[in-house]
Amino acid sequence: MVLFAIPAAAATGSVQADLQPVAGNGVNGDGTAMVTVDGTMLTVDMGATGLLADQPHAAHIHFGADARHECPTLGDDANADGHLNTSEGGPAYGEIVVSLTKTGDTSPNSALAVDRFDTAPGGTLQYERGSIEVTSTVADEVLSGEAVVVIHGVDYNGDGKYSGDTTSDLDPSLPTEATDPALCGVLAASQMSGIPAGGVETGGGSTAGVEHAGLLAVGGLALIGGAGLLTYRRRAHGSDS
Ligand SMILES: [Cu+2]
């Protein structure tokens, strides 16, 4: 019995994040990130749009045991300048545990390895990397549903490059635009991948998956119906006046 408990503890599964603009940082974009964990090996699939084009975007998985396990809000703007720098987001998302570089080291040591991050050609970031070796502790943190993906690099003054007088809180040789968080999302357990996985294990989960899909479809129809009703009401109102 004890022997069987050991392999059962090996971390396996996947989590995904819906990446949304970080409050105050002026990014009009979004994205998704999926992380599959197999023991101490991560595979990361990430896509995002609306980023400053053709500039290196540092991207990490963050986690902090004492963090709030969420994306920062303007309430985290400690110096009240209207923007959130990476440190100000710390209480929300914690420290860097994985650097999502395209090549080479993926440890926190590569947090600002600007020559090894995706440059978002045309503002679109497409990232896929497997065989990212982590410790079992980090693997557990990623699967906990409390880790956070952050893509950095913003353009407050809209000049198409990292510039400005404010220096980065992480590296004073860089402008803060180069490191401030742009998009953020919590890596939560994925229902899409979780339901079929459960179905395989229990042998009875496939029906639940179908019912779930049906509920989603009904919800989508209700939303469409609601939008149609709104349009109708607006038209009716317009004809009254
Ligand atoms: Cu980061």
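1. Glutamate 146 is partly exposed, with a relative accessible area of 32%; on this scale, buried means under 20% relative accessible area, exposed over 50%, and partly exposed in between, using a 1.4 Å probe and protein chains only. The residue sits in the loop between helix 3 (136–143) and strand 7. Helices (H or I, at least four residues) and strands (E, at least two) are DSSP runs, numbered from the N terminus.

2. The model discussed here is predicted: local features need pLDDT of at least 70, side-chain atom pairs count only at pLDDT 80 or more, and totals for chains, interfaces and linings use all residues. Residues are numbered from 1 along each chain as its sequence is written, and side-chain values use heavy atoms, with hydrogens and water left out.

3. The surroundings of glutamate 146 deserve attention. Leaving aside residues up to four places away in sequence, glutamate 146 touches Phe63, His69, Glu141 and Leu187, where contact means heavy atoms within 4.5 Å. Glutamate 146 and leucine 187 are 41 residues apart along the chain, and their C-alpha atoms are separated by 6.5 Å.

4. In helix 3, the buried residues are Val138, Ala139, Glu141 and Val142. They cover an arc of only 160° around the axis, which puts them on the same side of helix 3; the arc is that of the directions from the helix axis to the C-beta atoms. Just after helix 3, glycine 145 adopts a positive phi of about 85°.

5. The copper ion is coordinated by His60 (ND1), His62 (NE2) and His152 (NE2), at 2.0 Å. Along the chain, its donors follow the spacing H-x1-H-x89-H. Histidine 62 belongs to strand 4 and histidine 152 to strand 7 (residues 147–152), so this pair ties together parts that are 90 residues apart in sequence. Both histidine 62 and histidine 152 are buried. Donors are N, O and S atoms within 2.8 Å of the metal (3.2 Å for Na, K and Ca); water is not among the atoms, so sites may look incomplete.

6. One disulfide is counted, a disulfide being a pair of cysteine sulfur atoms within 2.5 Å. It joins cysteine 71 to cysteine 184, with an S to S distance of 1.9 Å. The pair links distant parts of the chain, 113 residues apart: cysteine 71 lies in the loop between strand 4 (59–63) and helix 2 (90–93), and cysteine 184 in strand 8 (residues 181–189). The torsion about the S-S bond is about -95°, so the disulfide is left-handed. Cysteine 71 counts as partly exposed at 23% relative accessibility, whereas cysteine 184 is buried, with a relative accessible area of 2%.
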